[in-house]
Amino acid sequence: MNSGDSMRAERLKKLDILKSAGINPYPASTKRTGSIADFVAKFAEGQEATLAGRVMSVRGQGGIMFADIYDGTGRIQVVLQKDDLPAGKAGAPEAFDLFDQTVDQGDFIEATGAGYTTKRGSQSLKAASWAMLAKALSPLPGEWQGLQDPELKLRQRYLDILLDPELRAMFERRTKFWQTIRQFYIDKGFMEVDTPVLETSPGGADARPFETRHNALDIDVNLRISLELWLKRLLVAGFPKVFEIGRIFRNEGQSREHLQDYTQWESYEAYSDLKKGGEFVKELYRRIATEVYGKTKFEINGHVVDLAKEWEVIDFCKVIKDKFGIDPLTATESEAIAAVEKAGLKPGETLNLARAVDYLWKSVRKSVAGPAFLVGVPAYLEPLAKRYDKNPKVVERLQVILAGSEVGKGFSELNDPIDQRARFEEQQKMRDAGDPEAQRLDEEYVEAMEYGMPPSFGFGMSERLFSFLENRPIHEAQLFPLLRPKGK
């Protein structure tokens, strides 16, 4: 029997002691009168209360014991003295002895008593009675050492959060991150909506979908890869400002910046455009930085980024020309692929014109600290954005660049159904030729657009922004990232 099994066996014995004493070790309710944080904030000597929480440490000797309990809002010391606790029922241990015999670190208890300051000045609760709320059968890791194994920290995230105050604080910031975004849009008059997760034709992004089967309808469906096409249908429906915060799924590679299952937000505003949208995006990112972090300057992936400074504007085609000597607007597919090979880049995939040019840009992007807007992207790289009137070969798109990566994208939305169909058809040709990330021809979306869609600005970003501001790999910034089952 290993040490873990033996400790569990000891706790099972303690469970039997509680039951033999007529005590339910897992009661349905508690007499708790308030949170520990509230008790500490209003602490007064002799203040009566019933507090509940997890035992984080227990110690003592003779006729006195101390237990630190934590309820998620705060922590307090409970003082138990043998002479202050009631005698047990007939044939049962006294309350003090029962505590000594059965309570371990990790258990949930409640204690009723009064505010008490120890000789060492520690604000405490002096118990007049106690009760078990939930007996823990597995011991917690040492509170000061916590979990050390990186995989175990992710697999047993609930313990890592419990024992690591910095990790807990990060997830509190994550909640505030999404609350700040939501409130920003509400303050701007946007309506929050939710759109389908299951789709018959996934669209709105260049990505591989997850495929599944809808048994009731007897059809193949996909998990959505974007929120875009549904939200733009709502512009057709007459809603002028809509946004959604929702989960999307992309069956692709995993890296420091990429996950397959993550949260994204997207917004669409009728009668807006790229210029107005750029100011909107800067205001949003600065709001997130100041309200969640109380600052605008961050160290991210070796870059220093200050969101308060003037944002640089980078022209996509000019950067490619200067660095690789080809013009993305006139280069042939073979010329673009040759530029990739000449630069010594190794894409690890079959290239066409779009993929080759995009690969060249990504190699340049790594050195851009930002904040910056990338503009002037060729139309063949963005099938859903409106063309510039002065140069229809490029689209009215901006991409937020922070710390060498793309951390947000927006554009003046394409609302010409004839152009949209033509661009979808070009994407479909790429897909038929073997590009699994090219977009599909979505007939129903084009049909909706033919009823008329107003000029609009759309913007979207995922939880990648949060992981960047935290300067952590994206899977570490999720509460419960997907892991392989044990042993596989």
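This is a predicted model: local features need pLDDT of at least 70, side-chain atom pairs count only at pLDDT 80 or more; totals for chains, interfaces and linings use all residues.
Q: How many residues of the contact of H10 with H11 are charged?
A: H10 brings Glu333, Ala336, Ile337, Ala339 and Val340. H11 brings Leu353, Ala356, Val357, Tyr359 and Leu360. Nine of these residues are nonpolar and none is polar, and the number charged is one.

Q: Which residues touch the most other members of the largest nonpolar core?
A: This core holds 50 residues. Its largest share, seven residues, comes from H11. The members with the most contacts to other members are Phe316 and Trp361.

Q: How many residues are in the other core, with Val292 and Phe468 among them?
A: This core lies apart from the largest one. Ile300 and Val305 are also among its members. Its residues number 42.

Q: Which strands stand at the edges of the open sheet of eight strands?
A: The order is S6-S10-S11-S18-S17-S16-S15-S14, with mixed pairing. An edge strand has a single partner, so one side of it is left without a neighbour in the sheet. The edge strands are S6 (191-192) and S14 (312-315).

Q: Which residue in S11 stands opposite isoleucine 248?
A: S10 spans residues 241-249 and S11 spans residues 261-270. The two strands pair in the antiparallel sense over nine bridges. Opposite isoleucine 248 stands tyrosine 262.

Q: At what angle does H11 run to S17?
A: Two helices lie across strands here. H6 (residues 165-187) lies across S6, S10, S11 and S18, at about 15° to S11. H11 lies across S15, S16 and S17. Its angle to S17 is about 125°.

Q: What is the C-alpha to C-alpha separation of proline 417 and tyrosine 445?
A: Proline 417 is in helix H12 (residues 417-432). Beyond its neighbours within four places in sequence, proline 417 is in contact with Val446, Met449 and Glu450. Proline 417 and tyrosine 445 are 28 residues apart in sequence. In space, C-alpha to C-alpha, they are apart by 9.2 Å.

Definitions and conventions. Residues are numbered from 1 along each chain as its sequence is written. Side-chain values use heavy atoms; hydrogens and water are left out. Contact means heavy atoms within 4.5 Å. Helices (H or I, at least four residues) and strands (E, at least two) are DSSP runs, numbered from the N terminus. Ala, Val, Leu, Ile, Met, Phe, Trp, Tyr, Cys and Pro count as nonpolar, Asp, Glu, Lys and Arg as charged, and the others, Gly among them, as polar. A nonpolar core is a set of buried Ala, Val, Leu, Ile, Met, Phe, Trp, Tyr and Cys residues joined through side-chain atoms within 4.5 Å. Buried means under 20% relative accessible area, exposed over 50%, partly exposed in between (1.4 Å probe, protein chains only). Two strands pair if DSSP finds at least two bridges between them. Axes are lines fitted to C-alpha atoms, for helices over the stretch in contact, and angles run from 0 to 180 degrees between N-to-C directions.
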